[in-house]
Amino acid sequence: MTAILEVGFVFWGLFAVFAATIAAYVVWMFWVERD
Amino acid sequence: MSIQVGLFVLYFVIIFAIGWYCLRLTRDETDYWIAGGKLGWLLGGATMGATHASAGTFVGTIGVIYTSGWSFAWIVLSIPAAYWFMAAVLAPRFTRAKKLTLPAFMEERYYSTGVRRLAAVIILVATVVYVQAQVIAGGIIGNIVFGVPREWAMVGFTVVLIAYTAIGGMLAVVYTDFIQLIVMIVGVLAATPLAIRQVGGIEPLFATVTAVKPETFTWESFPPALLFTMGIAFTLGTIATPEKLVRLYAMKDMRAIRRGVLLAMIVATGLNLLIFVIALASIVLFPALPSGDLAMPMVARAVLPPVLGSVLLAAIAAAIMSTVDSLMLVAGSALAHDVYGTLRPEATPRRRLWIGRMGILVVGTVPVVLILSGVGEGELVQFIVLLFTALMASSFFVPVVVGVYWMRATKEGAVAAMVSGLTVCFAWEAWGDPGIDPVLPGLIASATLFWIVSLITPAPPLSATAPFSSDGAASAASANHP
């Protein structure tokens with residue numbers, strides 16, 4: 001069970017970081033073009 | 001004729017027809033090399049994303065994860081990081097003086113035709129290495145689809161690529177990349193849930209993979225130093241490869257670049273993530289493949305129904321084609337515009353275009369000849385891709401990225417950076433510690449010599465640095481396309 005949880009973290013963690021990065025980029029993009 | 005063969009023939013006919021149509025849209029060199037410099041975010045981002053997704057993604061990455069485990073997957077985060085850096089830091093200054101090629105930028109910034117020719121030669125050599133990896137993967141796909149020997153498949157694949165690229169130039173590449181990107185997305189979106197279903201769901205997938213290959217979900221299959229330095233190679237290589245940089249020139253303005261880069265980073269990273277999942281499924285379904293590079297074609301043949309399997313194979317072909325066409329175009333422009341054009345400045349644009357087409361023919365043919373002679377055969381595709389990325393990053397990252405911010409950088413410094421980066425990278429690949437990617441020593445050598453040589457040589461003329469300096473925004477208005 002522990003192994004599966006670790007696997008889940010290693011696996012889903014990557015997707016989560018990707019989604020957070022894209023969201024941050026979109027915020028940056030609109031901030032740069034705010035006027 | 002089987003459905004699979006029929007679909008591929010139709011696909012190739014459509015791609016070729018686009019190439020032919022774009023020949024009629026191409027009026028001058030600007031159209032041929034950078035699609036007129038007027039691309040919006042959709043086409044610009046699609047061609048950047050499609051160029052990024054290569055055999056390295058569809059055959060190589062899955063091969064490495066199949067062989068060595070999930071830790072390699074974390075390198076994918078280098079993609080959004082690299083694109084963000086490109087849009088935020090590099091592009092605003094790099095695009096101030098629009099050129100047709102990266103070597104032409106080098107000439108402008110480093111006020112030297114010699115620097116331009118050197119950059120062109122480095123691009124030509126490195127492109128041959130990269131196209132080789134893609135052609136090997138094309139041979140695998142052609143062999144599976146048409147049942148012909150791999151060597152014949154490589155030749156056939158290359159002929160199709162050369163034909164539409166040489167005829168239609170960047171416009172053909174952009175439009176075909178858009179279609180190829182759609183094929184890739186459809187192929188991967190269809191394959192991923194079916195592959196997961198085949199192994200019984202996502203939790204059974206984790207459990208079975210852990211049972212079959214316990215090292216898959218650990219950090220032990222790659223030495224941490226190698227993983228970290230490979231991440232650097234991919235990050236810097238994404239930023240500093242000429243086929244990416246020239247797309248910044250092809251897009252019409254910074255707004256289009258920022259949005260296009262967003263599209264490219266979503267598509268390139270998203271495709272990778274889904275392909276990683278397919279890689280895990282292939283560990284369960286085909287635990288004893290002779291080479292990890294065969295994992296994706298096996299999924300297409302044995303897991304998916306015939307039509308969807310054909311779409312996935314077409315997606316692999318699309319990934320290869322959309323990258324090789326861009327590389328061929330970059331190499332052709334280096335030969336025609338930056339080498340021949342500077343040796344024969346009196347040549348007409350029409351003649352230069354024909355030389356460019358000949359260049360595309362040469363750059364497309366040499367890798368096949370090398371592979372058929374046994375050079376580079378047997379390497380995992382992804383490791384050839386990594387070598388190209390390391391070579392490009394070691395040669396161009398410092399003179400391009402630092403060069404648009406540090407106005408004291410001189411032409412002598414740029415030459416020292418390119419030559420030392422390339423040499424040290426090659427030497428490390430041949431004789432260095434295999435636990436460290438050659439990009440790190442290459443980059444250190446490049447940056448060190450760039451700095452030292454620039455400081456001990458005469459400062460550059462103002463005319464060279466004005467377009468890129470912090471107060472040089474006004475000169476952006478006078479951007480041209482020589």
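Helices are taken here as DSSP runs of H or I spanning at least four residues, and strands as runs of E spanning at least two. By this criterion chain A of the predicted model has one helix and zero strands. The helix covers residues 2-32, and A:Phe11 has its place within it. Of the 35 residues of chain A, 11% count as buried. A:Phe11 is counted as buried because 20 C-beta neighbours lie inside 10 Å, and 20 is the number at which a residue qualifies as buried. Between A:Phe11 and A:Arg34 the separation is 23 residues in sequence and 36 Å in space, taken from C-alpha to C-alpha.

The contact between the two chains involves 17 residues of chain A and 18 residues of chain B. On the side of chain A that touches chain B, the residues comprise 13 nonpolar, two polar and two charged.

Within chain B, helix 14 (residues 306-343) is formed by 38 residues and extends 53 Å from its first C-alpha to its last, a span close to the 56 Å expected at 1.5 Å a residue. A bend of about 25° is found in helix 14 of chain B at B:Ala334. This helix is mostly covered, with 31 of its 38 residues buried.

The largest nonpolar core contains 184 residues, of which B:Met170, B:Ile278, B:Ala279, B:Val299, B:Ala315 and B:Ile316 touch the most other members. Helix 8 of chain B (residues 150-198) supplies the largest share of this core, amounting to 21 residues. When residues up to four places away in sequence are not counted, B:Ala315 touches B:Phe58, B:Val183, B:Met184, B:Gly187 and B:Val188.

Helix 15 of chain B (residues 349-372) has 24 residues and reaches 35 Å between its first and last C-alpha, close to the 34 Å expected at 1.5 Å a residue. Its buried residues are B:Arg352, B:Leu353, B:Gly356, B:Gly359, B:Ile360, B:Val363, B:Gly364, B:Pro367, B:Val368 and B:Ile371. Just after helix 15 of chain B, a positive phi of about 95° is adopted by B:Gly374.

How values were computed:
Residues are numbered from 1 along each chain as its sequence is written. Chains are lettered from A and ligands numbered from 1 in the order in which they are written. This is a predicted model: local features need pLDDT of at least 70, side-chain atom pairs count only at pLDDT 80 or more; totals for chains, interfaces and linings use all residues. A residue is buried if 20 or more other C-beta atoms lie within 10 Å of its own, exposed if 12 or fewer, and partly exposed in between; C-beta atoms are placed from the backbone. Two residues are in contact if their C-beta atoms, placed from the backbone, lie within 7 Å. Ala, Val, Leu, Ile, Met, Phe, Trp, Tyr, Cys and Pro count as nonpolar, Asp, Glu, Lys and Arg as charged, and the others, Gly among them, as polar. The expected span of a helix is 1.5 Å times one less than its number of residues. The bend at a residue is the angle between axes fitted to the seven residues ending there and the seven starting there. A nonpolar core is a set of buried Ala, Val, Leu, Ile, Met, Phe, Trp, Tyr and Cys residues joined through C-beta atoms within 7 Å.
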